[in-house]
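Here are my notes on this model, as numbered points. Please read them with the structure open.

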Amino acid sequence: SVTVKLTDGSTKIVILTDKTTTNKAEAATRDDLKTGETIAAFGSENADGTVTAQSIQLNPQFRMGGLRESTVSGTPTP
């Protein structure tokens, strides 16, 4: 999982699964998720407020659904 900071200052936990894809202009991996990285996470929100990500986009260039322009805070956990 990673904790992301939303543009409104709140945070959201995003859960990564084996089916979660991570993308940027080139192929990326979970190791590319660094503190301070701007991401877009796309997936389903869980009852406890976390998000199970289907895909993560690093350095998104446009806004479309998901967690818009979120920033990874803290260290991603495996």
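This is a predicted model: local features need pLDDT of at least 70, side-chain atom pairs count only at pLDDT 80 or more; totals for chains, interfaces and linings use all residues.

1. Start with the pairing of strand 3 and strand 4. The two run antiparallel, and seven bridges join them.

2. Five residues sit between strand 3 and strand 4. Glycine 49 takes a positive phi there, near 95°. The backbone oxygen of glycine 49 also has a side-chain neighbour: a polar atom of lysine 12 lies 3.0 Å away.

3. Is lysine 12 buried or exposed? Its relative accessible area is 16%, and the cut-off for buried is under 20%, so lysine 12 counts as buried.

4. What does the side chain of lysine 12 meet in a salt bridge? The partner is the side chain of glutamate 45, at 2.8 Å from N to O. The pair links distant parts of the chain, with lysine 12 in strand 2 and glutamate 45 in strand 3, 33 residues apart. Side chains of opposite charge can pair when their charged atoms come close. The salt-bridge count for the model comes to one.

5. Lysine 12 is buried at 16% relative accessible area. Glutamate 45 has 55%, and exposed means over 50%, so glutamate 45 falls in the exposed class.

6. Now the overall fold. The chain has zero helices and five strands. Along the sequence the pattern reads β-β-β-β-β. Of contacts between residues at least 6 apart in sequence, 58% join residues at least 24 apart.

7. Then the largest nonpolar core. How many residues does this core hold? There are 13, and Val14, Leu16, Leu33, Ile39 and Ile56 touch the most other members. The elements that give two or more residues are strand 1 (2-5), strand 2 (11-23), strand 3 (38-45) and strand 4 (51-58). Strand 4 gives the most, with four residues.

8. Burial and surface for the chain. The protein chain has 78 residues, and 32% of them count as buried. Its accessible surface comes to about 4800 Å². Carbon and sulfur atoms account for 48% of that surface.

9. Look at the start of the chain too. Serine 1 lies in the segment before strand 1. With a relative accessible area of 29%, serine 1 is partly exposed. Threonine 17 is 16 residues away in sequence from serine 1, and the C-alpha to C-alpha distance is 8.5 Å.

10. Last, the loop between strand 2 and strand 3. Glutamate 26 is found there. Its relative accessible area is 55%, which makes glutamate 26 exposed. Where does leucine 58 sit relative to glutamate 26? The two are 32 residues apart in sequence, and their C-alpha atoms are 9.8 Å apart in space.

Key: Residues are numbered from 1 along each chain as its sequence is written. Side-chain values use heavy atoms; hydrogens and water are left out. A nonpolar core is a set of buried Ala, Val, Leu, Ile, Met, Phe, Trp, Tyr and Cys residues joined through side-chain atoms within 4.5 Å. Buried means under 20% relative accessible area, exposed over 50%, partly exposed in between (1.4 Å probe, protein chains only). A polar contact is a pair of N or O atoms within 3.5 Å; within protein, one must be able to donate a hydrogen and the other to accept it, and residues adjacent in sequence count only if both atoms are side-chain atoms. A salt bridge is a side-chain nitrogen of Lys or Arg within 4 Å of a carboxyl oxygen of Asp or Glu. Contact means heavy atoms within 4.5 Å. Accessible areas come from the Shrake-Rupley method with a 1.4 Å probe; for residues, only the protein chains shown count as cover. Two strands pair if DSSP finds at least two bridges between them.
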